[in-house]
Amino acid sequence: MKHSFTCPKCSSTDVVFFEGSKYNQASIVYLNRLGAAAAIDRYACTHCGFTEQWIQMDEKFNRWVEKQREEGKGQSDFV
């Protein structure tokens, strides 16, 4: 849905976009216990209600991922 704006469930093109904000608790995911967070964008089909969530992959998020890799943490170790 992110790139095609077509619902994968019902093939409708009636898709709306909700941009995530790091200042809105409903649209963030915490990366660590110290409060580092990344915003989540949402796409929703107005025909069937199917939704997708995509993390905003900004520079801060990419640095956090690299740090996790350097420390040898697996996916199950992420917060």
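1. Helices (H or I, at least four residues) and strands (E, at least two) are DSSP runs, numbered from the N terminus. By that reading, Ser27 lies in the loop between strand S1 (15-18) and strand S2 (28-30). The model is a predicted one, in which local features need pLDDT of at least 70 and side-chain atom pairs count only at pLDDT 80 or more, while totals for chains, interfaces and linings use all residues. Residues are numbered from 1 along each chain as its sequence is written, and side-chain values use heavy atoms, with hydrogens and water left out.

2. Overall make-up. The C-alpha trace spans about 45 × 25 × 20 Å along its principal axes. The radius of gyration of the protein chain is 15 Å, whereas a compact globule of 79 residues would have one near 12 Å; this radius is taken over C-alpha atoms, and the globule rule is 2.2 Å times the number of residues to the power 0.38.

3. Surface and contacts. The protein chain exposes about 5800 Å², of which carbon and sulfur atoms supply 50%. Accessible areas come from the Shrake-Rupley method with a 1.4 Å probe, and for residues only the protein chains shown count as cover. Buried residues make up 28% of the 79 residues; buried means under 20% relative accessible area, exposed over 50%, and partly exposed in between (1.4 Å probe, protein chains only). Among contacts in the protein chain with a separation of 6 or more, 43% come from residues 24 or more positions apart, where contact means heavy atoms within 4.5 Å.

4. Strand S3 and its partners. Two strands pair if DSSP finds at least two bridges between them.

5. Individual bridges. Val15 has Cys45 in S3 as its bridge partner, and Ile28 stands opposite Ala39 in S3. Toward S4, Arg42 stands opposite Gln53, and Tyr43 has Glu52 as its bridge partner.

6. The two hairpins. S2 and S3 form a hairpin with six residues between them, and Gly35 in the turn has a positive phi of about 100°. The hairpin of S3 and S4 has five residues between the strands, and there Gly49 takes a positive phi near 90°. Gly49 sits in the loop between strand S3 (37-45) and strand S4 (51-55). Is Gly49 buried or partly exposed? Gly49 counts as partly exposed because its relative accessible area is 46%. From Gly49 to Arg63 the distance is 34 Å in space, C-alpha to C-alpha, for 14 residues in sequence.

7. Ser27. With 5% relative accessibility, Ser27 counts as buried. Its side chain reaches the backbone oxygen of Ser21 at 3.0 Å. This is a polar contact (a pair of N or O atoms within 3.5 Å; within protein, one must be able to donate a hydrogen and the other to accept it, and residues adjacent in sequence count only if both atoms are side-chain atoms). Neighbours within four places in sequence aside, Ser27 is in contact with Gly20, Ser21, Ala38, Ala39, Ile40 and Arg42.

8. The salt bridge. How many salt bridges does the rule give? The count comes to one, a salt bridge being a side-chain nitrogen of Lys or Arg within 4 Å of a carboxyl oxygen of Asp or Glu. Glu66 forms it with Arg69, with the closest N and O atoms 2.9 Å apart. Both residues lie in helix H1 (residues 59-70), three residues apart, about one turn of the helix. Glu66 is partly exposed at 39% relative accessibility, and Arg69 is exposed, with a relative accessible area of 57%. Side chains of opposite charge can pair when their charged atoms come close.

9. Most residues other than glycine have a negative phi, and most peptide bonds are trans. Phe5, not a glycine, has a positive phi of about 50°; Phe5 is in the segment before S1 and is partly exposed, with a relative accessible area of 34%. Ser11, also not a glycine, has a positive phi of about 65°. Ser11 too is placed in the segment before S1, and it is exposed, with a relative accessible area of 55%.
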